[in-house]
Amino acid sequence: MGLLVGKLMDIFWSQERKVIIVGLDNAGKTTILYQFLTNEVIHTCPTIGSNMEEIVLKKTHFLMWDIGGQEALRSTWNTYYSDTEFIILVIDSTDRDRLLTTREELYTMLAHEALRDASVLIFANKQDVKNCMTTTEISQLLTLSAIKDHPWHIQGCCALTGEGLSAGLQWLQSRTTAN
Ligand code: G3D
Ligand code: MG
């Protein structure tokens with residue numbers, strides 16, 4: 001009996017969890033994905049289309065889709081939505097001018113039927129840059145406290161050093177056990 005339960009647990013935990021990594025171009029999405037994967041900074045080129053990698057944390061398999069964020073590509077984001085359990089929204093914390101654009105993209109996504117049950121992790125990236133926006137400032141400008149129908153969490157990070165990334169991943173992992 002114990003063996004059977006153990007096997008069932010294994011099957012449950014090895015299920016793939018689909019994650020989409022979104023955000024405006026230059027936010028650091030691809031750098032974050034490859035930091036997760038290799039703990040190294042890779043030289044990135046603007047993503048045309050998407051990159052997909054599997055990240056395993058404590059037996060949870062996250063299938064992560066890094067989607068191009070240039071304006072012309074944003075209208076294709078919804079083709080990646082089906083079966084998505086987690087949205088990672090990456091923000092360039094130095095890009096004050098475009099935070100309202102990110103805000104619009106965030107609320108459009110959250111209103112999408114296919115993302116009704118998705119949890120949202122917001123990475124306030126580039127925290128290494130002097131005078132960048134803090135997580136508190138970003139939370140206020142995005143009015144995150146108004147989001148009641150999706151679990152969300154904001155995490156400051158620096159994709160170049162990896163600081164803050166594992167804390168964010170752990171939040172995702174905790175949501176898989178919360179569900
Ligand atoms: P994107 O996939 O969201 O479009 P990229 O963004 O991952 O391609 O990163 C865009 C640029 O931001 C890259 O610089 C990358 O090195 C830089 N970057 C990513 N994360 C950080 C960070 O935490 N801090 C700082 N200072 N820079 C970061 P280049 O020069 O290659 O365009
Ligand atoms: Mg990219």
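**Loop between E5 and H5**

I looked up Asn131 and found it in the loop between E5 and H5 (helices, H or I, of at least four residues and strands, E, of at least two are DSSP runs, numbered from the N terminus). The model is a predicted one, in which local features need pLDDT of at least 70 and side-chain atom pairs pLDDT 80 or more, while totals for chains, interfaces and linings use all residues. Residues count from 1 along each chain as written, chains are lettered from A and ligands numbered from 1 in written order, and side-chain values use heavy atoms, without hydrogens and water.

Asn131 is not a glycine, yet I read a positive phi of about 65° for it. Its relative accessible area is 64%, so I list Asn131 as exposed (exposed is over 50%, buried under 20%, partly exposed in between, with a 1.4 Å probe and protein chains only).

I then checked Lys130, which has its place in the loop between E5 and H5. Lys130 is exposed because its relative accessible area is 73%.

**Lys58**

Which loop holds Lys58? I place Lys58 between strand E2 (50–57) and strand E3 (60–67). Lys58 has a positive phi of about 45° and is not a glycine. Its relative accessibility is 60%, so I count Lys58 as exposed.

**Overall make-up**

I counted six helices and six strands in the protein. Along the sequence their order reads α-β-α-β-β-α-β-α-β-α-β-α. The protein has 179 residues, and 45% of them count as buried. I took the contacts (heavy atoms within 4.5 Å) between residues at least 6 apart in sequence, and 73% of these join residues at least 24 apart.

**Helix H4**

I looked at H4, residues 99–110, which has 12 residues. From first to last C-alpha H4 reaches 16 Å, close to the 16 Å expected at 1.5 Å a residue (the expected span is 1.5 Å times one less than the number of residues).

Which residues of H4 are buried? I list Leu99, Thr102, Leu106, Met109 and Leu110. Seen down the axis, these buried residues fall within an arc of 95°, so they line one face of H4 (the arc is taken over directions from the helix axis to the C-beta atoms). On the other side of H4 I found Leu100, Glu104 and Thr108 exposed. The cover over the buried residues of H4 includes strands E1 (16–22), E4 (84–92) and E5 (119–125), together with helix H5 (135–141).

I turned to Ser119 in strand E5. Its relative accessibility is 2%, so Ser119 counts as buried. Beyond its neighbours within four places in sequence, Ser119 has contacts with Glu85, Phe86, Ile87, Pro151, Trp171 and Arg175. For Ile87 I noted the C-alpha separation from Ser119 as well, which is 6.2 Å for residues 32 apart along the chain.

Thr84 has its place in strand E4. Thr84 counts as buried because its relative accessibility is 7%. What does Thr84 touch, residues up to four places away in sequence not counted? I found Lys18, Ile20, Leu115 and Ala118.

I also looked up the polar contacts of Thr84 (pairs of N or O atoms within 3.5 Å; within protein, one able to donate a hydrogen and the other to accept it, and residues adjacent in sequence count only if both atoms are side-chain atoms). A polar atom of the Thr84 side chain lies 2.9 Å from the backbone oxygen of Tyr81. For the backbone oxygen of Tyr80, the distance to a polar atom of that side chain is 3.2 Å.

**Ligand 1**

I counted 16 residues around ligand 1 (with a heavy atom within 4 Å of it), and the closest are Asn26, Lys29, Thr31, Thr44 and Asp128. Thr30 has an N or O atom of its side chain 2.9 Å from an oxygen atom of ligand 1. For Ala159 I noted a backbone N or O atom 2.9 Å from a ligand 1 oxygen. A polar backbone atom of Ala27 is 3.2 Å from an oxygen atom of ligand 1. On its own ligand 1 has 660 Å² of accessible area, and the protein covers 75% of it.

Technical notes
Areas by Shrake-Rupley, 256 points an atom, 1.4 Å probe, with all protein chains shown as cover.
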